[in-house]
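These are my notebook entries on one model. I record what I looked up, entry by entry.

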Amino acid sequence: MNISTILADQIQADWITTFLPILRYVLFFIVIACSIIVIITVLLQSNSSNEGNPITGIQESYYAKNKGSTRDGKLKLTTIICSCIIIVCVIVYFVTEIVNKS
């Protein structure tokens, strides 16, 4: 017995049939906006290939210790946050699609 047969047996409420399409449009536009932000932040990040010592991978400098407060650190954090928002919105979008189809 799978989830689609369980959900098909239940009668959907009216608010579900009106709310889920609106929610999917909102999620779609959030994904589009976050995707544009991710593209812009990735393009603005500097391409620094010297991440540290090639043997240990550790760079002991003041810049390395405070990298999170620099422009590249903020861009990296923005990229990570927007990517996580995209992942969550896409998962919720497809779950609402499955619930609405049944």
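**Entry 1. Basis.** I note that this is a predicted model, in which local features need pLDDT of at least 70 and side-chain atom pairs count only at pLDDT 80 or more, while totals for chains, interfaces and linings use all residues. Residues are numbered from 1 along each chain as its sequence is written, and side-chain values use heavy atoms, with hydrogens and water left out.

Entry 2. I looked up the elements of the protein chain and found four helices and zero strands. I took helices (H or I, at least four residues) and strands (E, at least two) as DSSP runs, numbered from the N terminus. Read from the N terminus, the order is α-α-α-α. I then looked up burial: 17% of the 102 residues of the protein chain count as buried. Here buried means under 20% relative accessible area, exposed means over 50%, and partly exposed lies in between, with a 1.4 Å probe and protein chains only.

**Entry 3. Helix 2 against helix 4.** Two packed helices are described by the angle between their axes and the distance between the axes. I looked up both for helix 2 (residues 14-44) and helix 4 (residues 71-101): the axes come within 8 Å and cross at roughly 155°. The axes are lines fitted to C-alpha atoms over the stretch in contact, and angles run from 0 to 180 degrees between N-to-C directions. Helix 2 and helix 4 are therefore roughly antiparallel to each other. For that wording I used these classes: under 35 degrees is roughly parallel, over 145 roughly antiparallel, 65 to 115 roughly perpendicular, and the rest oblique.

I also recorded the hand: helix 2 passes helix 4 in a left-handed crossing. A crossing is left-handed if the near helix is turned anticlockwise from the far one by less than a right angle, and right-handed if clockwise. The residues of this contact divide into 20 nonpolar, seven polar and four charged. In this division Ala, Val, Leu, Ile, Met, Phe, Trp, Tyr, Cys and Pro count as nonpolar, Asp, Glu, Lys and Arg as charged, and the others, Gly among them, as polar.

**Entry 4. Cysteines.** How many disulfides does the count give? Taking a disulfide as a pair of cysteine sulfur atoms within 2.5 Å, I record zero. Cys34 is in no disulfide, and the nearest cysteine sulfur, that of Cys82, is 4.4 Å away. I noted Cys34 as buried, with a relative accessible area of 8%. For Cys89, the closest cysteine sulfur is that of Cys34 at 6.4 Å, which is too far for a bond. Cys89 is likewise buried, with a relative accessible area of 9%.

**Entry 5. Aromatic pairs.** I searched the whole structure and found two aromatic pairs. Rings of Phe, Tyr and Trp (its six-membered ring) pair if their centres lie within 6.5 Å; planes under 30 degrees apart count as stacked, over 60 as edge-to-face and the rest as tilted. Phe28 is partly exposed at 44% relative accessible area, whereas Phe29 is exposed at 54%.

For Tyr93 and Phe94, the ring centres are 5.3 Å apart and the planes are at 90°, so this pair is edge-to-face. Tyr93 counts as partly exposed at 26%, and Phe94 is partly exposed at 49%.

Entry 6. I looked up Gln45 in the loop between helix 2 and helix 3 (62-65). Gln45 counts as partly exposed, at 28% relative accessibility. Its C-alpha atom is 5.7 Å from that of Asp72, 27 residues apart along the chain. Asp72 is found in helix 4 and counts as buried at 17%. The C-alpha atoms of Asp72 and Val42, 30 residues apart along the chain, are separated by 9.7 Å.

I then turned to Ile86, which lies in helix 4 and counts as buried at 18%. Ile32 has its place in helix 2 and counts as partly exposed at 39%. Ile32 and Ile86 are 54 residues apart in sequence and 8.6 Å apart in space, C-alpha to C-alpha.
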